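Biologist: Could you take me through one part of this model in detail? I would like a close look at the nonpolar core and the helices around it.

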Amino acid sequence: MPAASPLTERLRRLAPEAIAFGIIGAGNTLLYMAITYVALPIGAVKASVIATVVTTTLAYLANRYWTYRHHTRTALRREYTLFFGFNLVGMVIQSGMVAIGKYGFGLTEEHDELLFLGVTLIGIAIATVFRFWAYRTFVFLKPPVDGHEGAITEMDATAGFAELSAVEVPGSAAELDPQLRH
């Protein structure tokens with residue numbers, strides 16, 4: 001029997017993460033709407049802020065302990081700060097799509113409700129792909145492959161952006177592992 005192609009194998013490994021990420025996202029979207037609705041009497045902006053903080057925190061915890069449970073753990077402050085920051089970028093992407101619809105294409109709230117929903121869904125889709133990529137790449141680091149990645153995860157704020165570099169570079173992350181030195 002022929003072996004699965006590298007792309008098929010990669011998708012097979014990625015599918016459980018994507019499914020868990022989607023379930024968390026769908027649940028948090030419903031929770032966000034419920035919190036916003038219940039908190040509307042204190043003001044729409046305040047309700048939105050409360051809903052955002054609560055659902056972002058719950059999404060972080062759910063992703064950390066379910067979706068990315070097998071990934072290397074780093075400092076809580078580092079992960080949560082990056083997670084929240086990437087969520088803000090995702091919000092800008094979503095809001096940007098709505099702004100493009102309103103100001104770029106002249107859609108109005110009174111006459112183009114369905115088109116606004118369509119533009120919003122496109123924004124959500126783009127932001128979701130961005131968040132999934134950002135979380136996997138920067139927030140929840142991949143598990144160690146050959147042991148030296150563990151030393152990088154202890155570098156608090158820069159761990160998500162640290163990459164292993166050549167041993168010859170003074171001060172590189174690769175210098176942390178004595179097995180890699182010449």
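Modeller: Happy to! In the largest nonpolar core, which has 16 residues, the members that touch the most others are Tyr-68, Phe-83, Phe-86, Tyr-135, Val-139 and Phe-140. A nonpolar core here is a set of buried Ala, Val, Leu, Ile, Met, Phe, Trp, Tyr and Cys residues joined through side-chain atoms within 4.5 Å; buried means under 20% relative accessible area, exposed over 50%, and partly exposed in between, with a 1.4 Å probe and protein chains only. Two or more residues of this core come from each of α1 (6-39), α2 (44-67), α3 (76-104) and α4 (113-139), and α4 gives the most, with 6 residues. Helices are DSSP runs (H or I, at least four residues), numbered from the N terminus.

A word on the basis: this is a predicted model, in which local features need pLDDT of at least 70 and side-chain atom pairs count only at pLDDT 80 or more, while totals for chains, interfaces and linings use all residues. Residues are numbered from 1 along each chain as its sequence is written, and side-chain values use heavy atoms, with hydrogens and water left out.

Turning to the helix pairs, α3 and α4 pack at an angle of about 155°, with their axes 8 Å apart. The axes are lines fitted to C-alpha atoms, for helices over the stretch in contact, and angles run from 0 to 180 degrees between N-to-C directions. That makes α3 roughly antiparallel to α4, a term for angles over 145 degrees. By class, their contact has 19 nonpolar, 6 polar and 4 charged residues; Ala, Val, Leu, Ile, Met, Phe, Trp, Tyr, Cys and Pro count as nonpolar, Asp, Glu, Lys and Arg as charged, and the others, Gly among them, as polar.

The axes of α1 and α2 come within 9 Å and cross at roughly 155°, so α1 is roughly antiparallel to α2. The contact of α1 with α2 has 16 nonpolar, 7 polar and 1 charged residues.

Back to α4: its buried residues include Phe-116, Phe-130, Arg-131, Tyr-135, Arg-136 and Val-139, and what covers the buried residues of α4 includes α1, α2 and α3. Leu-115 also lies in helix α4, but this residue is partly exposed, with a relative accessible area of 48%. Leu-115 and Gly-101 are 14 residues apart in sequence and 8.2 Å apart in space, C-alpha to C-alpha.

Methods. Angles under 35 degrees count as roughly parallel, over 145 as roughly antiparallel, 65 to 115 as roughly perpendicular and the rest as oblique. Contact means heavy atoms within 4.5 Å.
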